[in-house]
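Please look over the sequence and the structure shown below before reading the briefing that follows. The notes begin with a single helix and then widen to the rest of the chain.

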Amino acid sequence: MTFSRPNLILLAGLGSGAMMLGALGFQHIGEMPPCKLCIWQRYPHVVAILLAMIGLMVPGRLLPLLGALAALTTAAIGVYHTGVERKLWAGPSSCTSSDISGLSAQNLLDQIMAAPIVRCDEAPWELFTLSMASWNAIASIALTLIWLAAAKNRV
């Protein structure tokens, strides 16, 4: 069974839309404010939604390829964020904790007072040991494949 180019673009755009609705639901209904990396993961989804709306009206392979790039970008940020959450590498200094050994009490207090409210290196929610960042990466890889199928399909 093959899907037409418009149907694939619609599916990919709706997928990014669902990801955004889920993120906003966790934020506003679940009262889980996003960290800096969570926000970064949202931007490519918004771009993908806009590309889907335009791609439904404009023929060619360019827009689906750009949609694939947007989905792949948010997947990459999700993988990076997952690594930060699992302490595989350091995240941005503005949203992760750092080593406190050797700090004076005043320096430690200054670091605590300057720390953001939402940290990037702590997963606030997990399903089957995977965080929201991990699920975003997995779903976004699937969306990348849908966008690539749309770029390949000329009908």
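Helix α2 has 20 residues, and its first and last C-alpha atoms lie 29 Å apart, close to the 28 Å expected at 1.5 Å a residue. Helices (H or I, at least four residues) and strands (E, at least two) are DSSP runs numbered from the N terminus, and the expected span of a helix is 1.5 Å times one less than its number of residues. This is a predicted model, in which local features need pLDDT of at least 70 and side-chain atom pairs count only at pLDDT 80 or more, while totals for chains, interfaces and linings use all residues. Residues are numbered from 1 along each chain as its sequence is written, and side-chain values use heavy atoms, with hydrogens and water left out.

**The chain as a whole**

- The secondary structure of the chain comes to five helices and two strands, and from the N terminus on these elements follow the order α-α-α-α-β-β-α.
- Of the chain's 155 residues, 35% count as buried, where buried means under 20% relative accessible area, exposed means over 50%, and partly exposed lies in between (1.4 Å probe, protein chains only).
- The accessible surface of the chain is about 9200 Å², and 72% of this belongs to carbon and sulfur atoms; such areas come from the Shrake-Rupley method with a 1.4 Å probe, and for residues only the protein chains shown count as cover.
- Among the contacts with a separation of 6 or more, 77% are made by residues 24 or more positions apart, a contact being heavy atoms within 4.5 Å.

- The buried residues of α2 are L37, Q41, R42, P44, H45, A48, L51, A52 and G55, and they pack against α1, α3 and α5.
- In soluble globular proteins, nonpolar side chains tend to be buried together.
- When its neighbours within four places in sequence are left aside, I9 is in contact with A52, G55, L56, P64, W147 and A150.

- Together with L10, L14, I54, M57 and V58, L56 forms a nonpolar patch on the surface, with about 560 Å² of accessible area in total.
- Patches are made of residues with over 30% relative accessible area and no salt bridge, in which like charges are joined within 9 Å and nonpolar side chains (Val, Leu, Ile, Met, Phe, Trp, Tyr) within 5 Å; a salt bridge is a side-chain nitrogen of Lys or Arg within 4 Å of a carboxyl oxygen of Asp or Glu.

- Helix α3 has 24 residues and reaches 35 Å from its first C-alpha to its last, close to the 34 Å expected at 1.5 Å a residue.
- T82 lies in helix α3 and is buried, with a relative accessible area of 13%.
- Not counting residues up to four places away in sequence, T82 touches S131, A133 and S134; the C-alpha atoms of T82 and S131 are separated by 7.2 Å, although the two are 49 residues apart along the chain.
- E122, in the loop between α4 and β1 (126-127), is partly exposed, with a relative accessible area of 45%.
- From C-alpha to C-alpha, E122 and H81 are 9.8 Å apart in space, while in sequence they are 41 residues apart.

**Positive phi values in loops**

- Most residues other than glycine have a negative phi.
- K87 is not a glycine and yet has a positive phi of about 65°; its place is in the loop between α3 and α4 (105-114), just after α3.
- K87 is exposed, with a relative accessible area of 52%.
- E31, in the loop between α1 and α2, has a positive phi near 55° and is exposed, with a relative accessible area of 68%.
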